[in-house]
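User: Hi! Could you walk me through this structure?
Analyst: Happy to, here it is.

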Amino acid sequence: MKRIYLFMVLVAGCFLTGCEKDDAPVLDNPDARLNQVLSEYKSTLVSAKSGWKGIIYPAGGGAYAFYLQFGEDDRVTMLSDFDMGTADKAATSTYRLKALQRPTLIFDTYSYIHYLSDPDESVNGGTRGAGLKSDFEFAIKEVSGNTIKLEGTFNKSEMVLVKATEAEAAAYQSGELKNIIKNSAEEVKGKFLYLLLDNQKVPVIVSVANKTLTLLHVDANNKIAQINAPFTFESDGLLLRKPLSYGNNTFDKVFWDAQNKQFYINLNAAPLYFSVSPSPIEMAVNPPLHSVLGKSYTSMQINVANLPDLSANFRNIYNTANASLGTFGGRYIEYMTILFNANNMVTFQIRYRNPSQPTSFYNANFEYKMTLSPEGVATFALAAAPAGNANSIKNYVVALTDYFANTPFKISYISASAPTGSTVGGFMSQTNPESYFYGVLIQ
Amino acid sequence: MKLRHIKVAALLLAVTFVTACSKDDEDLNKPILGLGGDSWTHSELDKWLYQNFTVPYNIEVKYRWDGSELALDRTLVPAKEEKIQPLMETMKHAWIDVYEAEAGETFVKRFVPKQYVLVGSPQYNASGTITLGEAEGGRKVTLYRVNQFEKNKREIVQPILKTIQHEFAHILHQTVMYPPEYEQITPMGYTSSWNNISVTNARESGYISSYAQASPNEDFVEMIAIMLTQGKTDYEAIIAGISNPEAVAALRKKEEIVVTYFKQVWNIDFYKLQARAELALEDIAPKPVIPLHTQFGFGNIYSTMMINPAGQSDDFLEKYNTADANLKTAGGRYIEYIRLIAEDNNRVTYQIRYINPSSGSPFVANFIYNMSVDNKGVASFTIAEAPAGNANTYKTHLAPLTNYIELNTFKIEWKDGKPVLGATEQYGKFTATGNPSSFFFGQLGN
């Protein structure tokens, strides 16, 4: 019985304390606080008179720059480095701040930001039904100083907004974003850029189309390796998503010198300009390429269709030979192969087709004896009179065989565009620095 | 004693309840913040939508992105602002106004879906199809692919209108069901894999579209939507293109049920509705005009043209009247009408029919020409055979009319620049080159 009594008192006690309810929220009404936060965010966005530099890193990869000006009237004007058009012409659309699960900035009518998300792949080159896997609803994660960090609600893309300065705003409004894209495209077109870092020529590949910057170097395993980062265009250069390091040199921004029309980086507070080489940069792989011909590699294939960096000089020679071959019943070159045989013998093989025999191909083999200097400079001397197919087409392709036989070539690994995954070898003329060819090495 | 203890305890308990329950909820009138949804500064577009859709029809047009209205697992993008007004104008003109004219304002206000959600991109489905529109419970309609909208492009406007008509028809049958016989017309073909069936195959088995094979409901609304957006002529062309007579019969039966349903349930004359919808679409995105000269000729769509004097150009009429007066000198004969008849081998009979008052019987004088038409539609006539019979007898009397044909070249056109929409009678016009005020026209036939 005592236990029942005790139990009852206990229950009663529970009710007593349980009922001491106080409905008044400790802070303010949560809805009111939410609204207040939203309006504070809005006034932050609107109060930046020079606008915001925004970068979106879509979940699907890449990086895209925006210049945004938020208006009190819930409208936003933007430029983007998506393409030359979006960089040139400002577009206005609407935005709003809304409390979803978090306070969220929604770009709620179509503008340049949506180019990235558009599920119609023809807009952005992404996948059908998904686009570039980007976002246009961004939850605000953090506001600190001049920076707002946001996260996409659908694909979790990253977005960073940084307050623009007055000078930057003026630059964006006067079309500098378009200019930088245009200048960059011109700067990299058909040129081989490199940075002299730690006394090494380090090739730099700036892809304007993919917005990636790549450094090539020889790694600890003696392999040619890449270090790369996506970048976005800013009014004064390229902003890398992450710092790139080579040895002790680190940089995260490439500047554009409008006066000298050159890229540079700042290293130890001093500018280091990108150098331009007339031919591809040799890569110091050990052992060098000329010492492993016929050992590591049995041949090298030169198919002009997929080697965009071939020198103009070589292309002219090739085109002359191909056009001349065309006068022989429409025959045309398919590709060429240099076969490294035993005893420094080399076959320069031209594979061609005859349109009247559409299913067949023909090989014309020109045999040479290769002499290599210790530095890797090769000369070729005809070792046997052309026979068979080589004999029948020799007069048509004489431009190519003459070039091959009369030019001393430095043979080395180089950095040049080729099908993905391939290793390329370069033959650089030692008499004309602008003349060279290269091909895909085959094991 | 023990009992007393319990009683005391019970009392204590009771007291606690009493105190516990005296709670004091001071404020029951707390404002609910954010009630009424999102708000923003109203643009000109917002005002326009409010005035034209919300005020008269209580329709909300939601064009600003609201992810909660849409599928959560699909990539979609918002609509472009500049597409909204042209799209909604089209919808008003080619759909709301059409129903309002035939069925009355109340009908429209009662049944139009109350919310339109507009989405910029199409909705891509895992099956490889795309969704262009969706309706939910007669209240909400979602339209996709708004960013591709272009008002004067028929190939874009027509599918959107079809989507709208389709969803609206769902509301109608959800309100009053169509007769059960409908789904007994082609009961065997309904399938969830309708998207693997080509339109041709669907039509050959008695369904107006592939989607019509999804279910009887879809079948019913597809019939309505296609009849209303294709218009009479093109719908008839669809039917004429079906080779299976059973399929044609099935579609005719479905058409009949639709027409009866509209009359009996909603008191709407479906064919009038269809004609009105066709005209409205023509206003917005006219059908490309097929030049008449490609349709006039032997064995072609039109091979004859009947020319009566009323309304002809002064120049032509003068020749006509002179010839008529000449003919009157021959025993009071007079011209009844003229026909242009296309014959084989690019020949044309220029046939002048006249009456001999003594017998009251008609006679024809046939002048045979070679007609050559260039690619711009300019025709010239050269004599193919010497006039014979009646033509030979009266050739001098009728010379003003034959000279006119022989000495001019004529541009062949539709009388009003394009065929008259929905009309069974169509008119062609031959205008003398270099003289726009000299022409003759007539009713086309075959």
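User: Great. What kind of model is it, and how are things numbered?
Analyst: This is a predicted model, where local features need pLDDT of at least 70, side-chain atom pairs count only at pLDDT 80 or more, and totals for chains, interfaces and linings use all residues. Residues are numbered from 1 along each chain as its sequence is written, chains are lettered from A and ligands numbered from 1 in the order in which they are written, and side-chain values use heavy atoms, with hydrogens and water left out.

User: Which domains does chain A have?
Analyst: The assignment for chain A gives domain 1 (30-167), domain 2 (176-277) and domain 3 (289-442). Such bounds come from an automatic or database domain assignment.

User: How many residues of domain 1 of chain A are in contact with domain 2?
Analyst: In domain 1 of chain A, 15 residues are in contact with twelve residues of domain 2 of chain A; contact means heavy atoms within 4.5 Å. The centres of these two domains, taken over C-alpha atoms, are separated by 27 Å.

User: And chain B?
Analyst: For chain B the assignment gives domain 1 (44-284) and domain 2 (292-445). Their centres, again over C-alpha atoms, are 46 Å apart.

User: Switching to pockets: what volume does the largest pocket have?
Analyst: About 1200 Å³. On a 1 Å grid over the protein atoms alone, a pocket is an open set of points where a 1.4 Å probe fits, with protein on both sides within 12 Å along at least five of seven lines; lining residues have an atom within 4 Å of a point. Grid points are joined across faces, edges and corners, and the volume is the space filled by probe spheres set on the points.

User: Which lining residues are closest to its centre?
Analyst: Out of 41 lining residues, those closest to the centre are Ile205(A), Leu216(A), Gln226(A), Ser415(A) and Ala416(A).

User: Which strand gives the most to that lining?
Analyst: That is E10(A), with five residues. Strands E9 (192-197), E10 (200-207), E11 (212-218) and E12 (224-234) of chain A each supply at least two residues of the lining. Strands (E, at least two residues) and helices (H or I, at least four) are DSSP runs, numbered from the N terminus.

User: Let's zoom in. Is Leu244(A) buried or exposed?
Analyst: Leu244(A) counts as buried because its relative accessibility is 1%. Buried means under 20% relative accessible area, exposed over 50% and partly exposed in between (1.4 Å probe, protein chains only). Leu244(A) sits in strand E13 (residues 237-246) of chain A. Beyond its neighbours within four places in sequence, its contacts include Leu213(A), Leu215(A), Ile227(A) and Phe251(A).

User: What about Ile55(A)?
Analyst: Ile55(A) belongs to strand E1 (residues 52-57) of chain A, and at 11% relative accessibility it counts as buried. Although 105 residues apart in sequence, Ile55(A) and Val160(A) are 5.4 Å apart in space, C-alpha to C-alpha. Not counting residues up to four places away in sequence, Ile55(A) touches residues including Tyr64(A), Met159(A), Val160(A) and Leu239(A).

User: Where is the cis peptide bond?
Analyst: Asn286(A) and Pro287(A) are joined by a cis peptide bond, with omega about -5 degrees. Pro287(A) is in the loop between strand E17 (275-277) and strand E18 (299-302) of chain A.

User: Last one: how does helix H9 of chain B look?
Analyst: H9(B) has 15 residues (270-284) and should span 21 Å at 1.5 Å a residue, which agrees with its end C-alpha atoms being 21 Å apart. The expected span is 1.5 Å times one less than the number of residues. Its buried residues include Phe270(B), Leu273(B), Ala277(B) and Leu281(B). Among what covers the buried residues of H9(B) are helix H3 (81-103) and helix H5 (154-175) of chain B.
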